[in-house]
Amino acid sequence: MLDPYVPILVMLGVAIFVAIFVITVSRVLGPQRPTRRKLMPYESGMEPIGPAQRRFPVKFNLVAMLFILFDIEVIFLFPYALIYKDLGVPGLIAMGTFFIVLIIGMIYEWKRGALTWD
Amino acid sequence: MSDLRWVIWLIPTLPLLGAVATLLLARGERAAGMIATAAAGLSFVATLVAVWVLQTMPAEAARIESVAWTWIDVASFRVSFGLLFDRLTAVMALLITGVGSLIHVYSLGYMRGDSRPERFFAYLNLFVAAMLLLVMADNLVLLFLGWEGVGLCSFLLIGHYFDRRSVPPGIVPAEAATKAFVVNRIGDAAFLLAIMLIFSRLGSVSFLPNATLGTPGYLERAAELAFVDVQLGPLGSIGVLTAIGLLMLIGVCGKSAQLPLSTWLPDAMAGPTPVSALIHAATMVTAGVYLIVRNHGVFSAAPTAASWVVGVGAVTALLAALSAATQFDLKRVLAYSTISQLGYMVAAVGMGAYAAGMFHLLTHGLFKALLFLAAGALIHALHDVQDMRRMGGLRQHLPFTFRVYLVGALALAGIFPLAGFWSKDEIIAHAWFTAQNPAIALILIASAAVTAFYMGRQVALIFYGQPREAHAAAHDPHGSMRWPLVVLAVGAAIGGVLNLPGVHWLSSWLEPTLAEPEAVYSVGKAVMAVIVTAIAVGGGYLGWWLYARVVDGNIVPGKTDPALYYLGDIWRGAELGWGLDWLYDRAIVRPYRQCSAFLGRVVDGEALDGLLVGGTGRTFVALARGVRAVQSGHARRGLAVFLLGVVVLLAALLAMTMR
Amino acid sequence: MITLPVIDWTIVAQLLVVFGGATVLLLLDLAIPAGRKQVTAYLALLVVLGAAAVGVMHAGVSGATFGGTLRLDPFRTAVGLVCLAAAALSILLAVTFLGRHQIERGEFAVLVLFGVGGMLLLVQAADLVVMFLSLALLSITLYVLAGFALPEPRSEEAALKYLLTGAFATGFLVFGIALIYGATGSTTLATIAAAGPGLTGEYRLYAAAGLLLLVVGLGYKASLVPFHMWTPDVYDGAPTPVAAFMSVASKAAVLAALTHVLLVGFGELRALWAPILAVVAAATLLVGNIGALVQQNVKRMLAYSSIGQAGFLLFGPIAASDRGIDALVFYLAGYTAANLAAFAVLIALEARGETEWSMARLSGLWQRSPGLTLALALALLSLAGVPPTAGFIAKFAMLDAVWQAGYPALVVLGVVTSAIAAAYYLRVLLRAAGPAETDAPPMFGDWPLRLGMALAALAIVVLGLAPGWLLSFS
């Protein structure tokens, strides 16, 4: 009953085989004379000036997280804007509750100092 | 006098309240001892009143039932929290509260100077309460509560000296307590399965129909199932009642220290001597016998199970008696002797001699309590010496102790006309004449001879011969340790009147409960009694003569018994309890410890670590550990196991759907 | 005109109290000065009690709302009450603990409220999406709570580990929901059940695989083997009251959800999932109880023991009968009381800066505090299933239920592992009754802690002696 997926399985097998095959063949057949310059990340002659992973303040993460949180929640406004007439007063109450909760969260993070940089 | 029915609730409640009061209110050993003793004594009085109420009722309906509340009520599974006080229970309750009170009084003197008297007395009272609950329960689940309760108290009291590294003869109290508990759990597990089987097949766990709950009684239904089988899958099938009986037998083996679960009782002697007397001789260990008698309806309809009961009892009686004959520790002799006598009772009730079994249970309760308490007096007098090789010639120093000990020893050996003679003779006669099983009868007679032998040996080693150590300051007990011994000595001497041939007070008292035909007196039985007594006297004299006269000079503290020279490995085997401890250690305890240690390593990840990363990867892991914090390694391993689990489960699912 | 769904307010009242209370408390807490954060905890306690009162008021209510995605029935109410009781007791146990460890922050009580709200929602959920949502809600609060002892490294480590493995497990859960949706075209349990008989061929396989992955995701939270590896590390590292809360409340909620999924949604496939679940239960019993045997650290021992208890809890859905459901509720209640009492004793003995909770610290407890020892003894005896405690009745009812359902092997295994369990519980008690080995650690006995411990101990005894009223609720 999984018959339709057999070609995918075959495909996967072929892909893995080809990858291994190519790497192995080039390793076995190709000449290997490594030099310092060849082993550098960029063979163009650029000297690396430091590690690729650099530290940056964790505060960026906090701000980014808060941004995503509120950003996604604000997206709910767009569909509501299209149908707010149809929903009438009950819809307004529901969206109002949603926003009150959102604002409480906002107040909380503000008061707790999440928005101050230092 | 139905107005006084409520009195049965006082019987278990008083010692329970006593335990609580002792634990919470009592400060100091006098207060604790007084409260606890008063509670036990009042409970005895309440029992007497209840027995009197029972006596005023017509014999066919002589029982008091009282349901306090519905304990469990799930669908058809209904269990009451109720008591049943019939004639069988009355006998047990009298023994428990009577001997229990005496031992409480005795403990007042014995435990003087103990560091934790409040706990001791509280646990002792708690034990009495639990034991009473066990014999007064009107259903199996409540009985099981008492069953576990006495096990817990036994555990707590064996471990009373938990702060001592070892007590004579080299037992660690905390380990002995744990051993008793664990071995008992094996029996308990089987018993629990028996209860479930009873409920699922007989639809009730009440002994008698319960009007309050509307549940039927399972005992009267048992006979209907005599030919019904349970399927055991590929193993075939087995009769329902046989299965129930065998599972119960395993429970009995645990609680009443029958082979092969007997190993905990000798070690249980690590507890204080009054505890050995009350719990490990007179009452708790007889719970198994009581269980079989209470379920006689099941066993009489399951002959296969009953014959297993007889076999286990008889073999235990003989092998434990042989072990008793080889011990040098005062209390271990009595412990093995208890196992052996319990074997008599189990064999008796297995043969359907319920009244005889209960008779022996009663007389044994009296004379074995006497022996233990007298042994306690000895231990007290000699300042914690328990090794009989360090005694000898004590009858001049301790004339009173000698006399009561002699009464107990003669009663246990079954010498006419003391209590043990009548009860033991009745069991042997039943085996020969009624059950017509000469093999069992001969085993029991042989055990009787060995019993007399080891008691003669013990009396000789302690009281006769030359003094092997100076005990100039030794003196007889007085005060509260003295008169319980007198009472018990009188009981052990004349206890036989309870069920004299021809009169049979006990049998006819129990007749409405057990529905057992009355034993008939015959000339053959009298001849039998004479022969058995002659054998016992011979065995006893042999033991006394050998150890008081022949080898007296060869007994040296720390050295082996001279008999070892002649009997070799047989003697050694008996001395070590037939190697059961050794076997369990090798076959169960050590593999179990190793297995759990191994699994512990796997669970804690050591082995998995090796499996996943393998040999050369180890250095890499060490490097990674050095660089990173510890957590990443652990989390990764957890996730690997997680993923492996998902894959295995999915594969299982796939296999099941494809099939 | 779009019609809004009709909402049955009696069904959501409890949730509204908890979430409303939590939200308001979040604001109120900002106004409470730093030294007075106990006030927040007591207010949170009031909210929990209010929610419990609402639950008791609606005890007999059965019904559904929000298009059948939320349901209320006596089983759900009962499990919800167990969760609320666990939350209330945990707050009581934590109030002074937090101050003592200098981690008294107002968020604690608020997070517990949000967590228990998530649990209530999970219990009431009758739809897989709601289930996922509520599971995420309770998980996130628990992640934060596990790391609440910040900057204590062990606590941070626990939080991170919990988060990592939790995210991993959630992936399986969502994948499972997707597969089920693909096979049946719905995420509502009732509709899934209706689609069940029509499933053939590969659709049946997809549904079964989806169910399995769903069980994996939920089983992770209930620490079933082999998804249990996080449990000892997280319990060990998390602040002790948090470990107590996690070990009981989330387990109760998840077991209820699991029961709903299996019995309501996939009763049709019982022949398929019951044996697999039985194997999982057996593995959980064995690994949990054997693992606990070798622990020297009491918190890790309790963690392994809670894994073992989870195996027993699984008997409820496996039995798939009214009797099993009754037994499950009773087991949850008894386990909650016993585990909280055991953790309460640890809390009473834990000073600031303690890292390893070694068993030696319990030695000689009897001499110093018989009350604490009594509570510990009651708790451990109940966990071991010794009568007359709640644990005995609970184990008996569970064993009876699986026996009736035709799993004698599980009954035997349950009895055997209980015997193993008795060994390690007794070992702790022996230490407590024995002589002191280390310098006496300090003891704390303020009234909220004592009250919480006493209530839990009382529940163990009451449930053990008079279990009838709880055992026969359905």
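Where is Pro417(B) found? Pro417(B) sits in the loop between helix 16 (399-413) and helix 17 (419-434) of chain B. Helices here are DSSP runs of H or I with at least four residues, numbered from the N terminus.

Before going on, a word on the model and its labels. This is a predicted model, in which local features need pLDDT of at least 70 and side-chain atom pairs count only at pLDDT 80 or more, while totals for chains, interfaces and linings use all residues. Residues are numbered from 1 along each chain as its sequence is written, and chains are lettered from A and ligands numbered from 1 in the order in which they are written.

Most residues other than glycine have a negative phi, and most peptide bonds are trans. Here are some spots that go the other way.

| Site | Value |
|---|---|
| Phe416(B) to Pro417(B), cis peptide bond | omega near 0° |
| Leu150(C) to Pro151(C), cis peptide bond | omega about 5° |
| His383(B), not a glycine | positive phi of about 55° |
| Asp384(B), not a glycine | positive phi of about 65° |

Over in chain C, Pro151(C) lies in the loop between helix 5 (128-146) and helix 6 (153-184).

**Helix 15 of chain B and what follows**

Take helix 15 of chain B, which covers residues 354-381, 28 residues in total. From its first C-alpha to its last, helix 15 reaches 40 Å, close to the 40 Å expected at 1.5 Å a residue; that expected span is 1.5 Å times one less than the number of residues. Of those 28 residues, 25 are buried, so the rest of the structure largely encloses this helix. A residue counts as buried if 20 or more other C-beta atoms, placed from the backbone, lie within 10 Å of its own, as exposed if 12 or fewer do, and as partly exposed in between.

His383(B) follows helix 15 and is found in the loop between helix 15 and helix 16 of chain B. Asp384(B) lies in the loop between helix 15 and helix 16 too. Are these two buried or exposed? His383(B) is exposed because it has 9 other C-beta atoms within 10 Å, and Asp384(B) counts as exposed with 8 C-beta neighbours inside 10 Å.

**Where chain C touches chain A**

This contact takes 10 residues from chain C and 12 residues from chain A, with two residues in contact if their C-beta atoms, placed from the backbone, lie within 7 Å. On the chain C side, helix 1 (9-31) and helix 8 (201-221) each supply at least two residues. Helix 1 of chain C gives the largest share, 4 residues.
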